[in-house]
Amino acid sequence: MRDVSIIGVGQTEVAEHWDRSLRDLAVEAIASARKDAGIDRVDALFVGNMLSGELAGQENVATLVADAAGLVPIEALKIEAACASGGAALRAAYLAVASGAHDYVLAVGVEKMTDFLTDGVTTALALAADADYEAAHGLSFAALNAILMRRYMHEHRARHEDFAPFSVNAHRNAALNPLAMYRQPITVEDFMRSPIVADPINILDSAGIGDGAAALLVCPATEARRARRPPVRISGSACATDTLALAGRADPLVWQAVADSARLACAQAKVKPQDIDLFELHDAFTIVSVLSLEACGFADRGSALKLAAEGRIGLEGDIPICTFGGLKGRGHPVGASGAYQLVETALQLRGEAGPAQVKGAAIGMAQSVGGSGSVAITHILQV
Amino acid sequence: MELPRYHRLRGPYYRLEGNACPGCSRRFFPPRPVCSSCRTPGLEPFAFSGRAALYSWSRVLQPPRGFASMAPYTAGMVRLEEGPLVSAQLADVDGVDLAIDMPLEMVTRKIRDAEEHGYIVYGYKFRPLLRPARPPR
């Protein structure tokens with residue numbers, strides 16, 4: 001296997017892009033990543049996307065993007081792993097280059113969501129759950145996470161306001177990111193006053209959906225110095241699965257796929273959680289941040305809320321998370337979010353994060369989770 | 001939900017039919033093709049009693065399509081007496097103070113709004129266990 005580096009990154013603003021389609025967004029992110037690298041060659045394209053069939057009436061979406069971006073006749077495939085699709089697209093690109101099958105490969109995550117009203121999007125997102133045994137019974141994604149959150153609060157005697165620091169941190173960091181969708185800082189009082197979606201989960205526990213695309217160009221590490229910007233090495237890449245339905249697990253509060261993918265990626269990179277300078281985690285709901293921090297070994301079981309309360313997840317903390325706002329603050333174009341996390345981690349390691357810069361960042365972890373912890377993809381990036 | 005799919009699900013949906021592993025005797029709902037513990041294929045049918053305890057729940061205020069007329073409704077996860085967890089709606093809980101571990105029983109109810117083609121999908125829900133007013137003689 002060859003070492004692989006990220007040599008170019010690009011991202012669109014996350015917003016309600018009324019005048020722009022899925023293809024417009026993907027093409028902008030791709031053009032921006034190629035310009036960033038200063039290299040024209042592309043041998044293959046992997047498109048991370050979850051819902052183009054449901055929300056745009058369009059499958060065969062990798063061909064659509066390759067065509068629109070002027071990349072025909074290269075290999076182009078859609079990669080789908082629910083909300084982890086963006087991370088999965090980079091994993092596919094990584095494997096293609098590491099194996100020697102291709103040299104210059106683009107991974108783009110793209111999602112166009114705001115053409116639909118809330119009930120349509122809620123229905124579409126539930127496609128990541130078990131269709132026969134979760135979605136068909138009216139369990140929305142928010143409901144599944146709310147069930148987890150109530151159980152967590154019961155087992156660990158937590159209060160709803162204990163989850164507020166995650167949203168406050170995400171919005172504080174998003175305010176520093178000109179591409180983020182929710183740039184207004186919030187207070188604990190705002191959090192507690194926020195309307196309920198599926199109790200105990202409220203609007204500010206939840207990452208809002210949006211439209212957006214983010215892209216990364218990768219190549220063999222030995223050729224990465226040709227690029228315009230400093231290369232960022234992919235030192236760990238791993239994917240793990242758990243049962244599709246939350247109820248299929250012995251203990252739903254243990255996110256084993258998240259734990260396994262983090263452990264495998266860290267082992268490949270030869271790093272421990274305490275070596276990691278920042279962690280772009282999948283904060284689709286505040287409870288997901290909590291369970292991810294615990295599964296990945298940044299906090300003992302039942303203690304992630306304490307980590308947040310002590311301010312250790314902030315930009316100056318010992319484990320900064322959601323440094324550009326996370327899914328909550330940047331916005332969550334679901335199949336694109338994993339690609340945004342990787343672009344943001346790369347920018348941190350290049351020292352190009354502007355006011356959101358984590359000082360001295362050298363090792364970053366980005367993790368995308370699909371379904372209710374049913375698939376997790378973790379990457380370790382290093383300079 | 002389309003008719004053939006609904007037809008395939010009649011055992012689990014109406015009778016809470018799962019299966020059991022002949023290798024390690026673990027029981028599954030819904031039925032699985034292969035035992036997730038010992039990987040034995042060829043599991044045997046097993047009908048659950050329908051008695052359960054409440055694991056956790058949520059009052060859903062933003063319903064997906066097909067559930068608007070029921071909203072707000074309560075979705076929960078329950079632990080069957082025989083072991084497995086099941087996700088389902090809770091029935092007859094208006095005005096009931098729910099508590100984790102409270103006893104529940106399966107009932108058959110309409111699980112979503114009627115679809116365009118008009119047929120109604122029935123399936124399991126769980127309701128607080130009905131207790132006799134005084135112990136039976």
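The model is predicted: local features need pLDDT of at least 70, side-chain atom pairs count only at pLDDT 80 or more, and totals for chains, interfaces and linings use all residues. Residues are numbered from 1 along each chain as its sequence is written, while chains are lettered from A and ligands numbered from 1 in the order in which they are written.

**Overall build**

- Chain A contains 13 helices and 11 strands; helices (H or I, at least four residues) and strands (E, at least two) are DSSP runs, numbered from the N terminus.
- The radius of gyration (taken over C-alpha atoms) of chain A is 19 Å, close to the 21 Å that the globule rule gives for 383 residues, so chain A is as compact as a globular protein of that length. That rule is 2.2 Å times the number of residues to the power 0.38.
- Of the 383 residues in chain A, 64% are buried, meaning that 20 or more other C-beta atoms, placed from the backbone, lie within 10 Å of the residue's own.

**The sheet**

- An open sheet of 9 strands runs through chain A in the order β3-β2-β4-β7-β1-β8-β11-β10-β9, with mixed pairing; two strands pair if DSSP finds at least two bridges between them.
- At the edges stand β3 (75-79) and β9 (278-280) of chain A, each with a single partner strand, so one side of each is left without a neighbour in the sheet.
- From one strand to the next, the twist averages 25°.
- Strand β1 (residues 4-11) of chain A pairs with β8 (residues 232-241) of chain A in the antiparallel sense, over 3 bridges. A:Ser5 has A:Arg233 in β8(A) as its bridge partner.
- Helix α9 (residues 256-269) of chain A packs on the sheet, and its direction makes about 150° with that of β8(A). Such angles run from 0 to 180 degrees between N-to-C directions, with axes as lines fitted to C-alpha atoms, for helices over the stretch in contact.

**Two domains**

- In domain 1 of chain A, 41 residues are in contact with 38 residues of domain 2 of chain A; contact means C-beta atoms, placed from the backbone, within 7 Å.
- On the side of domain 1 of chain A that touches domain 2 of chain A, α4(A) gives the most, with 8 residues.

Key. Buried ≥ 20, exposed ≤ 12 C-beta atoms within 10 Å, placed from the backbone.
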